[in-house]
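Dear colleague,

I am handing over the structure we spoke about, and it is shown just below. After it I go through what was found, topic by topic.

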Amino acid sequence: MRKNKTLLSPLTILMMVILLAAVATWMVPSGRYDRIGYAAGESFTYNNDQGDTAVPFTQQTLDSLKINIPLLSFKNGDIKKPVSVPGTYKKLGSNRQGLMAVLKAPIRGIHESIEIIFFILVIGGFMQVFNASGAMEKGIAALSQQMKGRESWLIIILTFLFCFGGASFGMAEEGLVFYPLLIPIFLAAGYDLLVPVAVIFAGTQMGTLSSFSNPFSTIIASSTAGVNWTDGLTERIIMFVLTSAILIWYIVRYASKVKKDPTASLVYKLQGNVLNAYDLPPASLQVQTNLDTRSKLLLVQFFLSFVTMIVGVVFFEWWLLEMTTVFLGSAILFAFVLRMKETDFIRQFVEGAAGLLSVALIIGTARGVTVILNEGNISDSIIYYAAGFAHNMPPAAFIIAMLVIYMIFSLFISSSSGMAVLTMPIMGSLAILVNVPGREIVNAYLYGMGIMGFISPTGLMLPALALTNLNIKTWWRFIYPLLIILFIVCSLALVAGILMA
């Protein structure tokens, strides 16, 4: 076993990224595209360096601005954020970000991420109250006995479901709630901490790479690029099946190796015996356990909380406020079922929330990178110079360049919808000039963000690792061969899409 070296904490890494973003505001010229957005009424709001102007809410307005977006997309609310107007980039006076801005950035990022932060804290409280019942231990003991000898099927089924969630409705932050549930199950099955992270985080991330109906990426990106989101749907479904199969093979292969020889675990080699926050007493997993009626009811309520969340997101357009409310209500219901004293419930809930405070701070601090770039007026400049770099290339080289460009963009802009409205009008117009189908620009955006999302510090990688006490080196050693495979597969798919156009 190698000596475990102390690595930088996630918060320190993010502060270094914020500092680098601030340095970039001193080196990259400031600039901005004009923007057009729609809130309600009979007019668009056109925003430039002179301020806001009302312009007619007509298709003619969009056509005159060379924005290839149907008017209906704005009216139906498919596009809620202002979009960039092609050909309107203007240089601005520099707004270099100094030390004070760097220190403010994580605080402002936390403020802008307050909904997801509360979601994380409430999840921590919910899990702590539920764990106090002991039903989780009994349930895992029963499941581990039933799945004995068939543990690989658990990986296959769950990975596919997380991939499908990411590809269909954009499951991402929702995956964070499953770590306390699945980590003890996989550890009881003889795997290491990398396996549940790969199943949950890599599963949802792989789904976003091949999103076929994700409203937060595919539909918004297609609309802002001026193409129907169903254009290229068959290709994306094929990619979903292919990339999901690759991920499942990759995880099962690693998990089987660890199960046969625990010393082959990358976690053991690089970090030693890692303390896991969700470990259960070993004795509870070694004895035959019959679930009592109360434990069964508690487990049913536990799983119904997740089902309710998923149904709400998919069918009723719920988001973080409603999701948080579900788990808060369920935690209170647990307290009534368990007949907990009010003081015990509050203590357990606060302890659980405190346990995930570091994860919440990581998510908020990551948003600080975008704050710095926007305040320094260089987000649009990065897009402008990237578009200029690629526009004279032949179609095949252009689409590969788009893939790489979106991988780089993902380091600075973690929001898929934000990336779409900022870049797609520009890149969609550029695609027409170089004779590249708009659907392939959308695919390059999906694949680029999907690949880089596995390792981007401004995404969900650091929160996932913080939840499991894994370090970045261990994750990188595990994931980098898969990223090479994905880059090759995605590049071939993009070039094939152009050749068959």
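To begin with the strands, isoleucine 36 stands opposite tyrosine 46 in strand 3; helices (H or I, at least four residues) and strands (E, at least two) are DSSP runs, numbered from the N terminus. Please keep in mind that this is a predicted model, in which local features need pLDDT of at least 70 and side-chain atom pairs count only at pLDDT 80 or more, while totals for chains, interfaces and linings use all residues. Residues are numbered from 1 along each chain as its sequence is written, and side-chain values use heavy atoms, with hydrogens and water left out.

The sheet

Strand 2 (residues 35-37) and strand 3 pair in the antiparallel sense over 3 bridges, where two strands are said to pair if DSSP finds at least two bridges between them. Within this pairing, threonine 45 in strand 3 is the bridge partner of glycine 37. The two strands form a hairpin with 5 residues between them, and glycine 41, in the turn, has a positive phi of about 90 degrees.

Strand 3 also pairs with strand 4 (residues 51-56), again in the antiparallel sense, over 6 bridges, and these two form a hairpin with 2 residues between them. Serine 43 has proline 56 in strand 4 as its bridge partner, and tyrosine 46 has threonine 53 of strand 4. Taken together, the strands belong to an open sheet of 4 strands in the order 4-3-2-5, with antiparallel pairing. Its edge strands are strand 4 and strand 5 (83-84), each of which pairs on one side only.

Nonpolar cores

A nonpolar core is here a set of buried Ala, Val, Leu, Ile, Met, Phe, Trp, Tyr and Cys residues joined through side-chain atoms within 4.5 Å, and buried means under 20% relative accessible area, exposed over 50%, and partly exposed in between (1.4 Å probe, protein chains only). The largest nonpolar core has 151 residues, of which Phe178 and Trp475 touch the most other members. Leaving out residues up to four places away in sequence, phenylalanine 178 touches Phe162, Met171, Ile200, Phe306, Met309 and Ile310, contact meaning heavy atoms within 4.5 Å. Apart from this core lies another, of 11 residues, among them Ala21, Ala22, Ala101 and Ala105.

Helix 18

Helix 18 (residues 395-409) has 15 residues and reaches 20 Å from its first C-alpha to its last, close to the 21 Å expected at 1.5 Å a residue; the expected span is 1.5 Å times one less than the number of residues in the helix. The buried residues of helix 18 are Phe398, Ile399, Ala401, Met402, Leu403, Ile405, Tyr406, Met407 and Phe409. What covers them includes helix 17 (379-390), helix 19 (416-433), helix 20 (438-452) and helix 22 (472-499).

Salt bridges

With a salt bridge taken as a side-chain nitrogen of Lys or Arg within 4 Å of a carboxyl oxygen of Asp or Glu, the count comes to 7 salt bridges. One of them joins aspartate 34 and lysine 90, whose closest N and O atoms are 3.1 Å apart. Because aspartate 34 lies in the loop between strand 1 (31-32) and strand 2, and lysine 90 in strand 6 (residues 90-91), the pair ties together parts that are 56 residues apart in sequence. Aspartate 34 is buried, at a relative accessible area of 5%, whereas lysine 90, at 33%, counts as partly exposed.

Another salt bridge is formed by the side chains of glutamate 375 and arginine 108 (3.3 Å, N to O). This pair links distant parts of the chain, with glutamate 375 in helix 16 (residues 357-375) and arginine 108 in helix 4 (residues 99-112), 267 residues apart. Glutamate 375 is partly exposed, with a relative accessible area of 32%, and arginine 108 is partly exposed at 34%.

Finally, the side chains of glutamate 440 and arginine 439 meet in a salt bridge (3.1 Å, N to O), and both residues are buried. Asp231, Arg439 and Glu440 are linked in a network of salt bridges.

With best regards
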